[in-house]
Protein chains: 2
Amino acid sequence: MLYLGIDGGGSGCRAAVADEAGRVLGRGAGGPANIASDLEGARENLLRAARAALADAGLPESEMPRLRAGLGLAGANGRGFAERLRAALPFAEARIVSDAVAAVKGALGERDGIVAALGTGSVFARQRGGAVRLIGGWGLILGDEASGAWIGRAILSQALRAVDGFVPQTPLLAALVAEQGGPDGVVNLSLAARPADFAAFAPRVVASDDPAAREVMDRAVAEVAAAVDLLQEGAALPVVLLGGLGPVFAARLGGRWAVIPALGTALDGALLLARGG
Amino acid sequence: MLYLGIDGGGSGCRAAVADEAGRVLGRGAGGPANIASDLEGARENLLRAARAALADAGLPESEMPRLRAGLGLAGANGRGFAERLRAALPFAEARIVSDAVAAVKGALGERDGIVAALGTGSVFARQRGGAVRLIGGWGLILGDEASGAWIGRAILSQALRAVDGFVPQTPLLAALVAEQGGPDGVVNLSLAARPADFAAFAPRVVASDDPAAREVMDRAVAEVAAAVDLLQEGAALPVVLLGGLGPVFAARLGGRWAVIPALGTALDGALLLARGG
């Protein structure tokens, strides 16, 4: 039996073909695969990645209809998209989950535990008995608490509140406003900024011991703690902190729960799914 | 001596011609006049309004170069715009301030006091000895605390937090999510929403005694109180609450300070400015 794992998101997709024992035989890559924003384009890109993985493994394309596939794809939580994609795939079997669920399965394998993914956005999840519950991840406008974008936006908001006198002026806040040519420049930046643009300010906040930076980070840590506590429901499950800010929060929250490293990637999670995990 | 007042914003401009005693002799209107987004268009529209006001007063257009003008215009706080406009105006004298400052002067006349303008956005101001200090008004992404848009966004954010279990579910929160076809619908709405779209939810929050609505309104009232307290600096200046939400906050904050009605409009403020106020 051959298995195919695919991890796909807005920036590209990765595929791996593995044998019964989980040994990876070949790998491939393709373009973006968000099935909510472009289902047909996602299908083409993930099939290209699958063919490349078969070729890398020295296997003929005629193996495609025999593959048992696990797919973790951006947009798979949107209604109907996964069903429509499944009907258009050539594999013997296809289990489709969101990229977030694949990341949780990759990080925890079959263990019970909690995953906090903290990058430009944020999402939190618990796996218990193989079932995954996701919370958060609603995007920066209404949520994404403690994400890089949330941290960057928070420090810019504080910079304007310092201009007004609501909060004390600090060197970091004054520098941020000066860099934008004054408060109107900060407002203009905010009007054009995508989440990644706000997140670009996060590393300075994380690295700074400016009082305003520490206050924003204290709030971010409290948000992560609240989300993990909610998912623990009084238990003491181990916690994996993923994403660019994962190590930052691991350092700040390690005393609170057992923080463990990820077992594997979202692609590993997709392969596990393919193999029935 | 003849005076011209102009109140201009993104949706249109209004003009009034008055005599030495402040008696309005004629009125006119024109198209949008935001000098930051379209200075030349704003100039044409406000001159059209001025000519209409002269005609309404039975005065010839040849009076234009003798008018002493006060202009409250959106975008006038942006750098350089007011100077560029002034150089292109035909009046004997032109004093240009932001539409917010004109609203403050109209609301307070020459009195010392505080103005909180609470509509789709929010901005707070103090006038003392004729000098106006503005705080807030940075827009919804980084500020506009307690505005209609801020209230609407806050209740939608709480609705998603109730889905996740961070806060208790309530009838209003459940109804908001159901109306959008589920949490993904709320997220989609947020991605496309302009401030006015968020503000459209504010009347329901204001009118509801749902616990989540009351919690959002308590936070909004605290934001208004903090801004007014900051501007009071320990004084007990009278407070005018303007905008669609003004009466809402007046009812909730009337015991705290002397809340007084506005003396006049932003157009009255522009006329006062023209007359040297």
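By class, what residues make up the lining of the second largest pocket? There are 9 nonpolar, 6 polar and 10 charged residues. Here Ala, Val, Leu, Ile, Met, Phe, Trp, Tyr, Cys and Pro count as nonpolar, Asp, Glu, Lys and Arg as charged, and the others, including Gly, as polar. The model is predicted, so to speak of local features takes pLDDT of at least 70 and side-chain atom pairs count only at pLDDT 80 or more, while totals for chains, interfaces and linings use all residues. Residues are numbered from 1 along each chain as its sequence is written, chains are lettered from A and ligands numbered from 1 in the order in which they are written, and side-chain values use heavy atoms, with hydrogens and water left out.

The pocket itself has a volume of about 840 Å³. A pocket is an open set of points on a 1 Å grid over the protein atoms alone, where a 1.4 Å probe fits, with protein on both sides within 12 Å along at least five of seven lines; lining residues have an atom within 4 Å of a point. Points are joined across faces, edges and corners, and the volume is the space filled by probe spheres set on them. Of the 25 lining residues, A:Arg153, A:Arg219, B:Trp150, B:Arg153 and B:Arg219 sit closest to the centre. Helices α4 (148–164) and α9 (211–232), from chain A and from chain B, each supply at least two lining residues; helices (H or I, at least four residues) and strands (E, at least two) are DSSP runs, numbered from the N terminus.

Now to the strands of chain B. Strand β2 (residues 12–18) has 6 of its 7 residues buried, meaning under 20% relative accessible area (1.4 Å probe, protein chains only). On one side, 7 bridges join β2(B) to β1 (residues 3–9), antiparallel; strands pair if DSSP finds at least two bridges between them. This hairpin has 2 residues between its strands, and B:Gly9 stands opposite B:Gly12. β2(B) also pairs with β3 (residues 24–30), again antiparallel, over 6 bridges, with B:Ala18 partnered by B:Val24. That hairpin has 5 residues between the strands, and B:Gly22 takes a positive phi near 90°.

B:Leu4 lies in β1 of chain B and counts as buried because its relative accessibility is 0%. Beyond its neighbours within four places in sequence, B:Leu4 has contacts including B:Val17, B:Leu67 and B:Phe91, contact meaning heavy atoms within 4.5 Å.

Conventions
Buried < 20%, exposed > 50% of the residue type's maximum accessible area, 1.4 Å probe, protein only.
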